[in-house]
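Reader: I'd like to go through this one with you, question by question. Can we put it on screen before we start?

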Amino acid sequence: MSEIQLKEEAKKAALHAYAPYSKFKVGCALLTKSGNIYTGCNVENASYGLTICAERNAIAQAINAEGQIEIETLVVYTPTPSPTPPCGACRQVIHEFGNPEVFSFCNSKTSNKHKMNDLLPHAFNLKKD
């Protein structure tokens with residue numbers, strides 16, 4: 001699966017976002033180690049703390065379909081002039097499911113690529129190594 005295909009899927013997912021308050025429609029596509037793609041969009045709520053980010057939505061879709069997952073690549077699209085990486089809460093959730101490459105892209109030609117451990121170097125972890 002190419003980065004270009006994941007970007008297309010993330011951008012399509014953003015079209016379904018429910019963002020009446022912020023108008024910030026985010027889409028995410030992820031590739032699991034098993035080779036499957038899952039997408040998610042943000043779903044806002046009038047009680048802002050109940051908002052679901054696109055990244056966590058895509059992860060929930062993957063877990064619902066596969067059970068245990070390991071994320072290989074995660075792509076986030078934001079309708080902005082510069083790329084917006086996942087928020088702190090999403091970084092912690094992504095970390096739970098591997099150290100994937102994380103691509104952030106936007107409406108310009110600019111994009112960012114990071115390993116999850118670089119975005120969240122001291123993540124909270126209860127797993128025993």
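Author: First, a working rule: contact, or touching, means heavy atoms within 4.5 Å. This is a predicted model, where local features need pLDDT of at least 70 and side-chain atom pairs count only at pLDDT 80 or more, while totals for chains, interfaces and linings use all residues. Residues are numbered from 1 along each chain as its sequence is written, and side-chain values use heavy atoms, with hydrogens and water left out.

Reader: Which residues does Pro 86 touch, and is Pro 86 buried or exposed?

Author: Pro 86 sits in the loop between E3 and H3; helices (H or I, at least four residues) and strands (E, at least two) are DSSP runs, numbered from the N terminus. Leaving out residues up to four places away in sequence, Pro 86 touches Glu 55, Val 76, Arg 91, Ile 94, Val 102, Ser 104 and Leu 119. Buried means under 20% relative accessible area, exposed over 50%, and partly exposed in between (1.4 Å probe, protein chains only). With a relative accessible area of 2%, Pro 86 is buried.

Reader: How do H2 and H3 pack, roughly parallel or roughly antiparallel?

Author: H2 covers residues 54–66 and H3 residues 88–96, and they pack at about 25° with axes 9 Å apart. Axes are lines fitted to C-alpha atoms, for helices over the stretch in contact, with angles from 0 to 180 degrees between N-to-C directions. Angles under 35 degrees count as roughly parallel, over 145 as roughly antiparallel, 65 to 115 as roughly perpendicular and the rest as oblique. So H2 is, relative to H3, roughly parallel.

Reader: Which residues of H3 does H2 meet?

Author: From H2, the residues involved are Glu 55, Arg 56 and Ile 59. Their partners in H3 are Ala 89, Cys 90, Val 93 and Ile 94.

Reader: What do the buried residues of H2 pack against?

Author: Buried in H2 are Ala 54, Glu 55, Asn 57, Ala 58, Ile 59 and Ala 62. These buried residues pack against strands E1 (27–32), E2 (37–41) and E3 (71–77), and also against H3.

Reader: Where is Lys 23, and what is its phi near?

Author: Lys 23 lies in the loop between helix H1 (3–14) and E1, and is exposed at a relative accessible area of 60%. Most residues other than glycine have a negative phi. Lys 23 has a positive one, near 60°.
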